Amino acid sequence: MKLEEKKHITEDLHGRFKRSQLVVLTDFKGLDVASVSDLRRKLKEADVEYKVVKNTLMARASQDTPVAVLSDHFKGPGAVAISYQDPVVPAKILTKFADDSKKLEIRAAVLNGQLIDAIGVKALAALPSREVLLGQLLSVMVAVPASAVRVLAGVPRALVNVLTALKDQRQAAEAAPPAA
């Protein structure tokens, strides 16, 4: 590989690392081409990039980015999954693929500048997706005003019930014959 190509790859990867929310470093040793292609397809459907890059180029590209904390893990054959949006989706895909294939190994990841290990990636994969969390938040936000409306509507309803009971009691007292 020529120096210009290496420079271009490093600059491109550096820009991707700066924009990323989640970068997962994997070891794909033992995976055949079909399996790697299948993994790439699944990640691409989720708008996640999966790149096989030399460790030296990854180390240079990660300088001055949040991904620099991964530099100790740049050993052996590796690839990075880069997500710019929801960090849960790529974690789910990679964790499921690693469990199914037994050959893909998740080494470590960087989530918004914080280093997390393989166990942390599995914990991240266990979280609900962004859409589910937003739906849960919305239901909580709707429940509070609805409860307030029910409580506030209960006061006039109770007053009307008391007044109706008093009216019925008076009508019953007026309709009853006087006691002798």
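**Salt bridges and what surrounds them**

Analyst: Happy to. Lys 42 forms a salt bridge with Asp 38, and their closest N and O atoms are 3.4 Å apart. Keep in mind that this is a predicted model.

User: Thanks! Where do Lys 42 and Asp 38 sit relative to each other in helix H2?

Analyst: Lys 42 and Asp 38 are four residues apart in helix H2, so about one helical turn separates them.

User: And is Lys 42 buried, exposed or partly exposed?

Analyst: Lys 42 counts as partly exposed, because its relative accessibility is 32%. Asp 38 is also called partly exposed, at 24% relative accessibility; the buried class would need a value under 20%.

User: Which residue does Asp 38 bridge to at 2.5 Å?

Analyst: That is Arg 41: the closest N and O atoms of Asp 38 and Arg 41 are 2.5 Å apart. Asp 38 and Arg 41 are three residues apart in helix H2, which again means a separation of about one helical turn. Arg 41 has a relative accessible area of 43%, so it is partly exposed.

User: Which residues make up the network of salt bridges there?

Analyst: Asp 38, Arg 41, Lys 42 and Glu 45 are linked in that network.

User: How many salt bridges does the structure hold?

Analyst: Seven. One of them joins Arg 107 to Asp 27, with the closest N and O atoms 3.9 Å apart. This pair links distant parts of the chain, as Arg 107 lies in strand S4 (residues 105-111) and Asp 27 in strand S1 (residues 22-27), 80 residues apart.

User: Are Arg 107 and Asp 27 buried or exposed?

Analyst: Both Arg 107 and Asp 27 are buried.

User: Back to H2 for a moment. What span should its 13 residues give?

Analyst: Helix H2 covers residues 33-45, and at 1.5 Å a residue it should span 18 Å. The C-alpha atoms at its ends are 18 Å apart, so the two values agree.

User: Which residues of H2 are buried?

Analyst: Val 36, Leu 39 and Leu 43 are buried in H2. They cover an arc of only 60 degrees around the axis, so they lie on the same side of H2.

User: What's on the other side of H2?

Analyst: Val 33, Ala 34, Lys 44 and Glu 45 are there, and they are exposed.

User: What do the buried residues of H2 pack against?

Analyst: They pack against strand S2 (48-52), strand S3 (79-83) and helix H4 (88-101). For a view from the H4 end, look at Ile 93, which has its place in helix H4. Ile 93 is in contact with Leu 39, Lys 42, Leu 43 and Ala 46, leaving aside its neighbours within four places in sequence.

User: How far apart are the C-alpha atoms of Ile 93 and Ala 46?

Analyst: They are separated by 8.9 Å, although Ile 93 and Ala 46 are 47 residues apart along the chain. Ile 93 counts as buried because its relative accessibility is 17%.

User: What comes just after H2?

Analyst: Asp 47 does, and this residue takes a positive phi of about 60 degrees.

User: Which strands pair with S3?

Analyst: S1 pairs with S3 in the antiparallel sense over five bridges. Within that pairing, Val 24 has Ala 81 in S3 as its bridge partner. S2 and S3 also run antiparallel and are joined by five bridges. Glu 49 stands opposite Ile 82 in S3.

Conventions: Residues are numbered from 1 along each chain as its sequence is written. This is a predicted model: local features need pLDDT of at least 70, side-chain atom pairs count only at pLDDT 80 or more; totals for chains, interfaces and linings use all residues. Side-chain values use heavy atoms; hydrogens and water are left out. Helices (H or I, at least four residues) and strands (E, at least two) are DSSP runs, numbered from the N terminus. The expected span of a helix is 1.5 Å times one less than its number of residues. Buried means under 20% relative accessible area, exposed over 50%, partly exposed in between (1.4 Å probe, protein chains only). The arc is that of the directions from the helix axis to the C-beta atoms. Contact means heavy atoms within 4.5 Å. A salt bridge is a side-chain nitrogen of Lys or Arg within 4 Å of a carboxyl oxygen of Asp or Glu. Two strands pair if DSSP finds at least two bridges between them.
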